[in-house]
Amino acid sequence: MSNEYAHPEVLVDTQWTEEHLNDSNVRIAEVDYDPKSNYDLGHVPGAVLFDWRQDINDPISRNILSKKACETLLSTKAGLNDNTILILYGDFNNWFAAFAFWVFKYYGFKDIRLMNGGRKKWLEEDRPLTKDVPNYPHGNFKAKDPDENIRTYLNYVSNSVNNTQGSTILVDVRSPQEFSGEITAPPEYPTEHAQRGGHIPGAVNIPWAKAVNEDGTFKSIEELKNLYQQKGITPEKEIISYCRIGERSSHTWFVLKYLLGYPNVKNYDGSWTEWGNMIGNLIEK
């Protein structure tokens, strides 16, 4: 990938991915909103499926999977070792692939990369697909303690809203219609409503999709700088991104932290599902 980004090593293009399909030190995983409509119909050869609902979230609590579950998922289902390169891609221009990237970084996996352009670009370029489901030998990946520098929670966000110093800024990456409260669920899945429409007080609205080109690849470094800095999203501040459940905000978190190199970016994965449904929380419309 172009070395213009702050961390170009976290991106690979579709050509690189195809050239490394048979590399024993590379594993590929598809992460979709709707795996039955995508992975099962054909996927990148050798790619395993991570179901974001079943694999990356805790089955009981409203939380991401545990440290132990993450270790089991990556070492068992994908056969990952500590030094394996993990390539993630998916639908919706890598929404849930970015969410998986954030979760796996939270538990200390070292070398994760997004396939720039995701599933859409792979299909548009007519690259090879298969319906075969791979089976890899177990790996030796050991998860680390959570990196709380890249995650934040309700109480911290509440305190940040009340902080008048301006050192923390919230980025709402949902659509303008969700931000204004006109709609309470994204158009892609309109039945998944929150109790109230609107946004966290003081948040700035920069929809996640503004960071990508028509083909799903990320925009240039200059375009990204202009997009965020004109709204006051600058590198000396603490940035908190949020959306509805944390997947679109993971995409923006990835852009700010790895492509622009901002040092202090956190994902609030409780997002609007938590904030908008919590009794007593103030909102703006």
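1. In this predicted model, helix α7, which spans residues 221-229, has I221, L224, L227 and Y228 as buried residues. Viewed down the axis of α7, these buried residues fall within an arc of 125 degrees, and so they line one face of the helix. The partner against which the buried residues of α7 pack is α8, residues 247-259.

2. Helix α8 in turn lies across two strands, β8 (238-242) and β9, and its direction is at about 165 degrees to that of β9. Both strands belong to an open sheet of four strands, in which the order is β7-β6-β8-β9 and the pairing is parallel. At the edges of this sheet are β7 (204-205) and β9 (265-267), each of which pairs on one side only.

3. Within the sheet, strand β6 (residues 168-172) runs parallel to β7 and is joined to β7 by two bridges. In this pair of strands, D172 is the residue that stands opposite N205 of β7.

4. F104 deserves a separate look: when its neighbours within four places in sequence are left aside, F104 is in contact with F50, I56, C70, L73, L74, L86, L88, F109 and I112. As general background, nonpolar side chains tend to be buried together in soluble globular proteins.

Conventions:
Residues are numbered from 1 along each chain as its sequence is written. This is a predicted model: local features need pLDDT of at least 70, side-chain atom pairs count only at pLDDT 80 or more; totals for chains, interfaces and linings use all residues. Side-chain values use heavy atoms; hydrogens and water are left out. Buried means under 20% relative accessible area, exposed over 50%, partly exposed in between (1.4 Å probe, protein chains only). The arc is that of the directions from the helix axis to the C-beta atoms. Contact means heavy atoms within 4.5 Å. Two strands pair if DSSP finds at least two bridges between them. Axes are lines fitted to C-alpha atoms, for helices over the stretch in contact, and angles run from 0 to 180 degrees between N-to-C directions.
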